[in-house]
Amino acid sequence: MRGSAPTYDLYGESHTQRPDFWLHWETIASRSQLHNWEIKTHKHDAFFQILYLRGGTGDAVFKGEIHPILPPVMIAVPPKYEHGFRFSKDVDGMVITMVASRLGALGRTFIDAEISNWFLRPHLIALGGNKDDRGFLALTLERLCQELMHGGAFHGDLVETQLRMAILIAARLTTPDQSATPDSVQESPRMKALQTLVNRHFRDHHPAQFYADHLGISPTHLNRIAKATTGQSTNNLIAGRLIEQAKRDLVFTSAKIKQIAYDLGFNDPAYFSRFFTKETGLTPRQYRAEQHEKLAQ
């Protein structure tokens, strides 16, 4: 598995055979058996991959480093990262290949600073048990595989939802705990409570005092917690949540901009447009057009 690393779309296929898809799935055995159960070192320029293995054994090779594969396991491989695999002939699992640019389309969470670094390196995540996140991740991947194979009503939406859930759970399992310092450990529950409240009330445009009152602390103390944890003030967090939802609505709904403004709690659509432009540098109409063009590409 040494030497130069060729670039493929799907392993063994040239760019002239580029398929027209945003997501492709196949069993691991279906392709690896064509190559004597060895997927030699290669990379994908524009694709992110998830491998889910229920059985068999093997090795994963990331930039020359060998990691044993002991199912049940999930493997995440980012774009442009050299990787390869060896599998036993009894391997049981699936590989899901998706256009990396589509990750943003599955939810704004994927481009938040907290998770963006997760997509820069591969992850091999042991699964098992049924009472924690690892068990839930295994169940989510299993349901995703069943949906991909059998489909049914709302197939596309269910695939995207389960895929997004699997990635977020995997990221939570493998992202270093940010509450390592004594201060952040103490404030973490309040920060989580703030985020829950913001998600519930952001359309109501409450001031920071409202959230501080609900948490039983002063606005100044709340602001300190928010800045220590996220680098942003309480008001900026609230504004960011409004912008996040506005972006989703602009891209993934056909609602008029005026209706989106009303749905987000703005009484004046013109004020919403000014607010959005100030926060993003683009008008809502410009942002919608830009994102639709990217998705089309």
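## Strand pairing and the open sheet

Two strands count as paired if DSSP finds at least two bridges between them. In this predicted model, strand E2 and strand E7 (residues 83–87) run antiparallel and are joined by three bridges. Glu 38 has Arg 86 in E7 as its bridge partner.

These two strands belong to an open sheet of four strands, ordered E2-E7-E4-E5, with antiparallel pairing. Strand E2 (38–42) and strand E5 (65–69) form the edges, each pairing on one side only. On average, neighbouring strands of the sheet are turned by 15° against each other, direction ignored.

Twelve aromatic pairs are present in the structure. One of them joins Phe 272 and Phe 276 in a tilted arrangement, with 6.1 Å centre to centre and 50° between the planes. Both residues belong to helix H10 (residues 269–280), where they are four residues apart, about one turn of the helix. Phe 272 and Phe 276 are both buried.

Phe 276 also pairs with Tyr 287: the ring centres are 5.7 Å apart and the planes stand at 70°, over the 60 degrees required, so this pair is edge-to-face. The pair links distant parts of the chain, since Phe 276 lies in helix H10 and Tyr 287 in helix H11 (residues 284–296), eleven residues apart. Phe 276 has a relative accessible area of 0% and is therefore buried. Tyr 287, with a relative accessible area of 6%, is buried because its value is under 20%.

A single aromatic cluster contains Phe 266, Tyr 271, Phe 272, Phe 275, Phe 276 and Tyr 287.

## Nonpolar cores

The largest nonpolar core consists of 30 residues. Phe 272 and Phe 276 are among the residues with the most contacts inside this core, as are Leu 194, Tyr 211, Leu 222, Leu 264 and Phe 266. Two or more residues are given to the core by each of helix H5 (182–201), helix H6 (208–215), helix H7 (219–230), helix H8 (234–252), helix H9 (257–263) and H10. H8 provides the largest share, eight residues.

The surroundings of Leu 222 can be described in detail. With neighbours within four places in sequence left aside, Leu 222 is in contact with Leu 194, Ala 208, Tyr 211, Ala 212, Leu 215, Ile 217 and Thr 234.

## Charged groups over aromatic rings

Two contacts between a charged side chain and a ring may be noted. Lys 63 lies over the face of Tyr 81, at 4.4 Å from the ring centre. The ring of Phe 202 has the charged end of Arg 241 sitting over it, 4.3 Å from the ring's centre.

Thr 140 is part of helix H3 (residues 133–150). Its relative accessibility is 4%, and the limit for a buried residue is under 20%, so Thr 140 counts as buried. Leaving out neighbours within four places in sequence, the residues in contact with Thr 140 are Gln 162, Met 165, Ala 166 and Ile 169.

Methods. Residues numbered from 1 in each chain as written. Predicted model: local features only at pLDDT ≥ 70, side-chain atom pairs only at ≥ 80, totals over all residues. Heavy atoms only, no water. Phe/Tyr/Trp six-rings, centres within 6.5 Å; stacked < 30°, edge-to-face > 60°. Buried < 20%, exposed > 50% of the residue type's maximum accessible area, 1.4 Å probe, protein only. Lys NZ or Arg CZ within 6 Å of the ring centre and 35° of its normal. Contact = heavy atoms within 4.5 Å. Axes fitted to C-alpha atoms, helices over the stretch in contact; angles between N-to-C directions. Core = buried A, V, L, I, M, F, W, Y, C linked by side-chain atoms within 4.5 Å.
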